[in-house]
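Look at the sequence and the 3D structure below.

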Amino acid sequence: MDRRLFLGGLAAGGALATPGAAFAQSADGRRRLTMPQRLDTTATGRLDLMAQPGETDFLGTGPSATAGFNQGFLGPTIVMRNDGALAVRVGNRLGETATVHWHGLVVPGEHDGGPHSPIRPGGEWAVEMALDQPPATVWYHSHAHGSTARHVYYGLAGVIHLTDGRDDARGLPVGYGIDDLTLVIQDRRFDPAGRLVYAPDTTDILNGFLAGRILVNGQVDRVAAVPRGLVRLRLLNGSNARFYGLHFDDRRPMHLIATDGGYLPRPRAVEFLRMAPGERAEVLVDFAAGGDAPVLMSALGLPMRILPFAVDDTLPARITRLPDALDAAPFIDAGAATRTRRLALNMGGGSTGISRIADGLVAPSGAHARHGAHAGRGAHAGHGADFDPGPFLGGGPDGLPEGVRMSDFSINGRPYDMRRIDFEATRGTVERWTVTGGGAIEHPFHVHGVQFQVLSVGGGAPRPEDSGWKDTVVLAGATDLLVRFDRTAGPTHPYMYHCHILEHEDAGMMGQFTVA
Ligand SMILES: [Cu+2]
């Protein structure tokens, strides 16, 4: 057992978790996928989280050191009112500093939970948040300086349902775990003993850390039981670096109803749903028609099975027709922008290996080639039973693997510096940003403290996935955004903007801004 990851943690009472072990099997003996525990704050107005170490037996071969919130791996699905006050307390029983960033919440910088809000071991972070934004599926994860990738990988992440309590009137499924499924999709590497492996080498930093084993809600090889009707899937790509091209094996449509920041004006049928790390999407899928056992697949890079479904007629099918319209938050007028800004995500040429990696990536299929580069690779070569966590991203050049230079990962030529404010924005104003990616990789660009709309990508109209309110967007060509600043962030707690390939973020592809 590796005790260095979250020092002092296992000795301090980490619980052995076997996700879903207590739940029923489906008729053919496959184990059913379970939902994360639901933590409803809508009545209490209080949220108590504890970052804690755990041990998780993912593969049935033995425990792995993990971390989670209120549990051994990942965290509960938190239900929050979209317009209420919430008193938050987060403790830390880990052996190292963590944070809780609310990815997608539009809250002031002091409540945002970025690297400027560290929670030391044994410490506590308490904030009173005032929420006021449209209903949405957002998420939370540790954003500790230089450690975000490793923290998320080992489990410091969870989903938030931001709700106004009116989904029933909208004709949307609301039965948690019945016809309203929360699906956290992640890829992981395991050693032969079933322990999580996170030991990024130079290639893993350049491509992002990709793995061949898919977890859904921290579980492997499960089947999702669904009623014979319309089912809502709240999808989170919680992976460090892998993009997914989600589709059903029988090509049944997915009716997209919400993007990162909330509802679309009306459902949009798609057969293929691209999801980059950090993005969420809500879709309605009809399980009343077609076969009873469709499989959710991914088609970016190597084809991968994500999750099989099985219709279970003992489950109530409450919703059987698509809603005609959803009350989407109206877009802002592009003419409202009072200034423009250009941001370029850079992957420089100084790191040894960059040209080698780039050579392998520039393929006829373009930037997607990267996603197949390591697909199917399970346990990392060189990490056997005695695996060493190796050089993790410690927040500085010394923490990076040999051959990678922090100066190679930057935005507008400047690697992240916690002490430098990169720009200042004005509250209540709208800006038009043109954001470009670097190298042969499509970077998912995330901004804290705002929801934005996508005007164009590579000169064309945005894909359906980018057609609603967003906080994370894939830079598939120069991307024009309309960003409105509704909350404030001062120089002591600025907002971050960064690549959501977490290895890129930790390596320096991040900046910070204030809103006053
Ligand atoms: Cu990136």
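Two residues are said to be in contact when they have heavy atoms within 4.5 Å. The model shown here is predicted. In it, leaving aside neighbours within four places in sequence, F445 is in contact with residues including L343, L345, W433, V435, F452 and L481. F445 belongs to the largest nonpolar core, which has 38 residues; W433, F445, L481 and F513 are the members that touch the most other members. A second, separate core has 32 residues, among them V216, V226, L256 and L307.

Now turn to the charged side chains. The structure holds 37 salt bridges. In one of them, R150 pairs with E96, and the closest N and O atoms are 2.8 Å apart. This pair links distant parts of the chain: R150 lies in helix α1, E96 lies in the loop between β6 and β7, and 54 residues separate them. Buried means under 20% relative accessible area. R150 counts as buried because its relative accessibility is 5%, and E96 is buried with 16%.

R228 and D292 also form a salt bridge, at 3.0 Å from N to O. Their loops are distant in the chain, with the two residues 64 apart. R228 counts as partly exposed, at 30% relative accessibility, and so does D292, at 35%.

Which charged residue is buried yet has no salt bridge? D112 is such a residue, and the nearest side chain of opposite charge, R487, is 11 Å away. D112 sits in the loop between β7 and β8. Beyond four places in sequence, D112 touches V100, H101, W102, V107, H448, G449 and Y495.

Terms used: Residues are numbered from 1 along each chain as its sequence is written. This is a predicted model: local features need pLDDT of at least 70, side-chain atom pairs count only at pLDDT 80 or more; totals for chains, interfaces and linings use all residues. Side-chain values use heavy atoms; hydrogens and water are left out. Helices (H or I, at least four residues) and strands (E, at least two) are DSSP runs, numbered from the N terminus. Buried means under 20% relative accessible area, exposed over 50%, partly exposed in between (1.4 Å probe, protein chains only). Lys and Arg count as positive and Asp and Glu as negative; His and the chain ends are not counted. A salt bridge is a side-chain nitrogen of Lys or Arg within 4 Å of a carboxyl oxygen of Asp or Glu. A nonpolar core is a set of buried Ala, Val, Leu, Ile, Met, Phe, Trp, Tyr and Cys residues joined through side-chain atoms within 4.5 Å.
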